[in-house]
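Here's a quick look at a couple of helices and a few loop residues. Have the structure open and follow along.

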Amino acid sequence: MASGGVAVASLWTEVNRCGQNGDYTRALKALSKILHENRDDVTAIQCKIVCLVQNGSFKEALNVMNTHSKVLGSEVVFEKAYCEYRLNRVESALKTIESAPDQTDKLKELYGQVLYRLERYDECRTVYTDLIRNSQDEYEEERKTNLAAVVAAMSQWEKAPMEDLGLPESTYELCYNTACALIGQGQLTEAFNKLRQAEELCRVSLAEDSDVTEEDIESELAVIHSQMAYIMQLEGRTDEALQLYNQVIKLKPSDVGLLAVTANNIITINKDQNVFDSKKKVKLTNAEGVEHKLAKKQLQAIEFNKALLAMYTNQADQCRKLASSLQSQNPGHPRPVLIQAAQLCREKQHSKAVELLQQFSEQNPESASGIKLTMAQLYLVQGHVTKACDVLRSIEEFKNKAGMVSALVTMYSHEEDIDSAIDVFKQAIEYYQAEQPGSAAHLALVREAANFKLKHGRKKEAISDLEQLWKKNTNDVHTLAQLISAYSLVDTDKAKSLSKHLPSADTMSFNLDVDELENSHGATYVRKKAGKVVGENLPKEPGQGEVKKKKKKKKGKLPKNYDPKATPDPERWLPMKERSYYRGKKKGKKKEQIGKGTQGATTGASAELDASKTASSPPTSPRPGSVTGSSTAPSGGSVIPPRQQKPSSSGATRKKAPQKKKKGSKGGR
């Protein structure tokens with residue numbers, strides 16, 4: 001027994017020494033011997049679990065905890081939750097943490113990580129804020145980095161307003177996360193400047209470590225450069241963005257999430273062009289573990305783009321399969337249905353596409369607005385303008401907007417349905433009269449309605465609109481003139497009474513000097529006046545009249561073969577067939593048939609130019625290596641190669657939503 005106790009003590013000494021040296025594999029061997037002596041040694045079991053976690057054997061560590069759950073009890077709650085978290089069993093980790101009897105600081109740290117992965121950002125922010133307020137240790141900077149990541153995620157995915165939590169920007173991680181939050185708020189210029197600052201801080205901090213190479217620095221900067229490229233893409237600088245994206249891809253960073261987002265954004269730039277490159281890049285989005293690195297909206301957008309790429313590459317079955325899968329995963333999302341409709345339109349099945357969209361809009365009224373706009377577009381493509389107008393007028397959210405009113409009036413005018421166009425104006429004016437009376441939008445609609453009615457001869461109907469406008473501004477002379485013109489057809493007395501409000505001619509003259517106006521630089525016509533003589537006008541003597549200048553007549557041009565001695569043909573103005581001396585075309589004489597043989601060959605001249613048929617020309621001897629005989633070569637000179645056409649570029653295509661890559665919290669990476 002004594003010898004066994006000495007052996008166990010020496011084994012514990014070995015475990016302690018290996019733990020200090022970080023040799024956890026050797027420590028596990030010693031612990032296995034200890035547990036062989038005492039299977040229920042709680043301390044040995046806990047040490048074994050820690051060694052397995054340090055070696056990354058999370059599944060084996062979890063099995064050990066489950067096997068000795070009765071002996072361990074709640075002693076290893078943190079270790080169990082951490083193993084479940086690292087095995088991507090996030091829901092199980094959450095249950096384990098919430099079931100813990102005591103919420104220690106390390107459990108709260110892990111709780112924040114779990115909430116972040118579950119995208120429960122509001123609760124996660126509360127946890128990290130409490131940790132930063134109530135703890136002071138060497139991990140404070142990491143907590144602030146994680147809190148900045150939570151704020152950035154809320155700004156990007158939930159469009160929450162950016163809060164100033166007083167976080168410093170002393171590290172490149174903090175600066176990067178601030179830039180991500182600014183992108184979510186649409187402040188692209190400020191975000192790009194923050195990324196520049198993060199890049200400088202990263203280079204400075206990594207340059208201090210002598211073991212870090214330039215390749216290591218570029219690999220760490222890859223996430224910053226990818227985000228810079230994303231901002232360039234949003235600003236329309238696609239060439240610069242594509243170049244920067246490709247640089248990130250060439251570095252082959254270890255972060256599969258970064259590679260997936262970068263590849264997806266390259267695909268969105270390519271659109272329906274360079275599809276072979278897009279097919280290569282889409283493989284990077286299928287890497288193992290991508291689903292655990294990206295947010296749900298990022299994964300969703302990548303799947304949408306896969307379906308669109310299948311459509312652009314004419315993989316109809318694959319496109320339908322992906323779109324159906326997306327629709328089952330996101331029942332109320334309109335994009336999978338739009339992709340299916342687009343595929344049907346490519347197959348010239350517009351009616352089926354409209355039916356599909358109609359069915360979805362009835363089942364999902366909250367997403368019906370965008371769907372109905374697409375339906376109206378499809379109706380217009382088929383030439384059903386009235387049906388398109390009916391669909392647009394059924395969109396309650398947009399039907400009274402100025403743009404929608406303008407579109408409806410234009411389409412009804414095209415169909416010469418003036419009554420329906422006036423009804424559109426009437427409904428919109430009634431809406432603004434009730435919601436925003438007297439606003440600029442209200443008065444603009446009234447004026448457009450009046451002008452439309454006057455343009456189409458509906459002066460009687462335009463009177464009420466014109467009166468409303470004139471009462472708002474009695475100094476508007478143009479509106480008053482329109483109102484008088486309209487009343488002149490209905491009530492002449494009213495027109496006369498309103499005409500009294502017109503300004504007088506004296507007030508309308510504006511004291512203009514006519515001579516000065518005519519002599520101005522912009523005058524197109526100047527009335528010339530004779531010089532005035534100072535003094536009284538002298539009476540004209542009889543016979544003394546004004547001398548009129550005679551205009552010189554230009555001589556007509558004569559034909560080149562004009563002979564002044566010859567008398568001109570009196571029938572020269574008649575067509576040739578109507579002249580008395582016309583005898584018709586002469587028949588019987590055959591002209592030489594030029595161009596009937598091979599190119600450039602003639603029948604008459606060929607015999608004269610053939611030197612072999614002349615008696616005076618001696619026969620030619622064949623050149624060495626040539627073939628004699630009677631074979632002839634085609635005439636017409638040397639052969640011109642066909643001209644190649646330059647490839648043409650295709651038109652605009654559907655845009656795909658680019659993706660953003662956000663710096664995740666350190667504990668989950």
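A residue counts as buried at under 20% relative accessible area, exposed at over 50%, and partly exposed in between, using a 1.4 Å probe and protein chains only. This is a predicted model, where local features need pLDDT of at least 70, side-chain atom pairs count only at pLDDT 80 or more, and totals for chains, interfaces and linings use all residues. Residues are numbered from 1 along each chain as its sequence is written, and side-chain values use heavy atoms, with hydrogens and water left out.

Helices here are DSSP runs of H or I with at least four residues, numbered from the N terminus. The expected span is 1.5 Å times one less than the number of residues.

| Helix | Residues | C-alpha span, first to last | Expected span |
|---|---|---|---|
| α12 | 188–207 | 28 Å | 28 Å |
| α15 | 256–270 | 21 Å | 21 Å |

Start with α12: its buried residues include Leu188, Phe192, Leu195 and Cys202. Seen down the axis of α12, the buried residues fall within an arc of 160° (taken from the directions from the axis to the C-beta atoms), so they line one face. The face turned away carries exposed Thr189, Glu200, Val204 and Ala207.

Helix α15 is mostly covered, with 14 of its 15 residues buried.

Most residues other than glycine have a negative phi. Lysine 252, in the loop between α14 and α15, has a positive phi of about 50° and is exposed at 69% relative accessibility. Lysine 348 has a phi near 65° and is also exposed, at 68%.

Terms used
Helix = DSSP H or I, 4+ residues; strand = E, 2+ residues; numbered from the N terminus.
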